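Please walk through this structure with me, from the whole chain down to single residues.

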Amino acid sequence: MLTGPELEALRDRLPGDPDLTRLLATLQRRAGPGLVALPPIPRVKALLSRDGGVCPNDGATLRFDPWSAERHACPRCGGVFSGEPHHRHWARAQHLWLAERAAELALIAAVTGQGPPARRAIELLGAYEELYFTAPNQDNVLGPSHLFFSTYLESLWITSYLAAATILREAGQLPDQHAQAISHVAEAAANLIGEFNEGLSNRQTWHSAALAAIAVWFDDTELMGTAVESRTGLVGHLADGFGSDGLWWEGENYHLFALRGLMVGLHWARAMGFDLLEDPEARRHFRAVLLAPARSALPDFTYPARRDSRYGVSLAQPASLELWEIGRAWLGGDPELDAWLAALYALPAGSSATEPYDAWLHDAGVPVPERPTRGDLSWWALTAIQPAPPTAAPWTPQSVLLADQGLAVLRLGGLYASLECGPKIGGHGHPDRLHLTVHAGGWHWLPDPGTGSYVQPSLAWYRSALAHNAPTLDGVNAADADAWCAAFDLAPGWAWTRARAGGLTRTIIAGPSHLLDLVELDSADPHELLLPCHPHGEWTIESAGNWEPGELAHPFVTEVERNVPAGSGPLTLTVRRPGRVETLR
C-alpha cells in the first residue's frame, strides 16, 4: 500500500506533526500486548450459525476478546459461554484482527526501525502460510473462502495481510522465504476472489480492493487494470454504486462499508500509479460520496436506520472518522468536511460508542476512549492524514433532496423530518416507501427500527411493512409501487415535500411550530389503508370513541384493538419522555 519513498516521507513528517506523533503512540500501545505474547491464532475456519456468538440467555452478541479463544462473555447478563459454535464465531473476528495487527506492527517497524514489531508481524504472516490452505473451502454462505464463510471476509482479510507484507517488503524487512509463501497465499486468494463476482454490491467493492492489493504485491498491471477499470471494479462502483447525490444505493449502513472498501482499493491503486481522483468529475463525485452520510445524518449524529441499517449507530466512531480524515487529505482539504469533522470530535463523551464491525477491530481488547481524537485512529490513517485546520466553521446541515436515493430531508432548527420516496430495491431493501422519520428537540419521535440480526427470526419483523411508519394499502407497503418525489421546496422558516406511490400521496410540511403529515388515497374503489406509527417513548392514545377487539394477521402482532369513533373528535397520541410530553393529533 505504501511505496519506499512514501514510507521515507512519512518518517520525515512524524517528528513535526503532533497528531501523527500521538497516533503512532496509540498504535504502539495497542501493539504492546502482542509484542509480549503471541495472540491466539484460530486453527479453524470461521462459521456463521444462529447460535454462535449469541448469548443463550438474552440474545445479546457476545463480546469479542482477541485474547480469549474459548471463553466468551455476554455484555448484558455477564454470563460466559464456550463451545464450538462460539469459538468458530470468534474465529471470524480473530482472523481479521490478526491481519490488522500484522499491518499495524509492520508500519510501526517501518517508521521506527524497531526489530521486535517486524519480527512479530512476520510471525503472524507466517502463521497463515500453512493454515490458509488447511482451512477447508466449504460451509460457505456467500462465495468461496478458506478462512471464512463468505468471500468478502476473505477480501477484507487479504487487504490487511498484504498491507503488512508490502510495508515490510518496501522497508527491506521481509525475508525472501516468507515473501514466497505470501505469494502462494495471495495467488490462491486471487483465484477465489476473482471467480466470485457479485456485480454492483457493497461486498464487491472489497473484492476489487483485494484484487488491487494482490496486483500491487505481484506488480501485475493487467490485474490492477481489471480491479480498477472493469464494470464491477472501483471505477464502476464509484460511478454507479454511489448515486449522483453521493449516497450508496443500499443506504447509509452499506454506504460506509462500501466507501471503506472503495477507499482501500483507491489507496492500493495509487501505489501503482492509478489515481482515479486526478479526473475532475471523479473527484467531484468522490467528494459527494464522502459527504452524503453527513447530509442525511440525524441531529444526534447517528445515521438513520433505513433499509438494512442498525439503529442508533454513531457516525463519530473512529472507523467512520478515519474515512473522512483520509478523504479530506486526498482532496487537499475541504471546508464542509472540516466543519463536519469538528462537530463529530466535539460531541459529548460517550456519544460515539464503538459498534462491532468486521472492517474495524483495532479497539478490540483495549480501552476505548469516550471521545475519540485524531490520535485514536488506525495504522491506515497514519499513512494518509494531513494536519487539521486551526479552526472550522460551525456544522450547519441544510434540508436536502437526495434524488437518486429517494430521500427528502427537511431541517428547521432542531427539527429533522425525512420522507422515503425511492424505488423498491432487493437484497438490503425494506418495505419502507413513504416512511416518515421525525427527530426533534433532541428526541427520536418516529424512528425506523433498523435491522438487528440476519440470523434471528426477528429479521422478519424488521423487514415487514408494519414495522415502519409507512402506509400500507390492502396490506402492501405503498401499494407495491415505486415511490417518487413529486415536490420539494424550501422557504424562510418553511420546508415541504410530497411523494407518490401508486394511488398514495404523502405530504410533509414543516413550519415554525409544527409538522403536518397528510396521507391521501386516490381511488374509486374501496381499500384498506393503514398508517402504522411507532412513537419512541411511553405513549397513550386518547379518543372519544370506544376500543374493541380487532384483527390484524401478522406473526409479530397480538392483542389487536380497533377504535370505534364517537362523534368527530380526533385521536390524540401523547408521547412521554423524561422532562417532556408531546401531543400528536
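Predicted model: local features only at pLDDT ≥ 70, side-chain atom pairs only at ≥ 80, totals over all residues.

Along the principal axes, the C-alpha atoms fill a box of roughly 85 × 50 × 45 Å. Of the 585 residues, 54% are buried.

Four strands make up an open sheet in the order 10-11-12-13. The pairing is antiparallel. Which strands stand at the edges? They are strand 10 (484–491) and strand 13 (515–521). Each has a single partner strand, so one side of each is left without a neighbour in the sheet. From one strand to the next, the twist averages 10 degrees.

Strand 13 runs antiparallel to strand 12 (residues 504–510), and seven bridges join the two. Ala510 takes part in this pairing: its bridge partner in strand 13 is Leu515.

Last comes the surface. Trp539, Ile541, Trp547 and Leu571 form a nonpolar patch there. Together they have about 390 Å² of accessible area. One member, Trp547, lies in strand 16 (residues 546–549). Is Trp547 buried, partly exposed or exposed? Its relative accessible area is 38%. Buried means under 20% and exposed means over 50%, with partly exposed in between. Trp547 is therefore partly exposed.

Methods:
Residues numbered from 1 in each chain as written. Heavy atoms only, no water. Pairing = 2+ DSSP bridges. Axes fitted to C-alpha atoms, helices over the stretch in contact; angles between N-to-C directions. Patch = residues over 30% accessible without salt bridge, like charges linked within 9 Å, V, L, I, M, F, W, Y side chains within 5 Å. Areas by Shrake-Rupley, 256 points an atom, 1.4 Å probe, with all protein chains shown as cover. Salt bridge = Lys/Arg side-chain N within 4 Å of Asp/Glu carboxyl O. Buried < 20%, exposed > 50% of the residue type's maximum accessible area, 1.4 Å probe, protein only.
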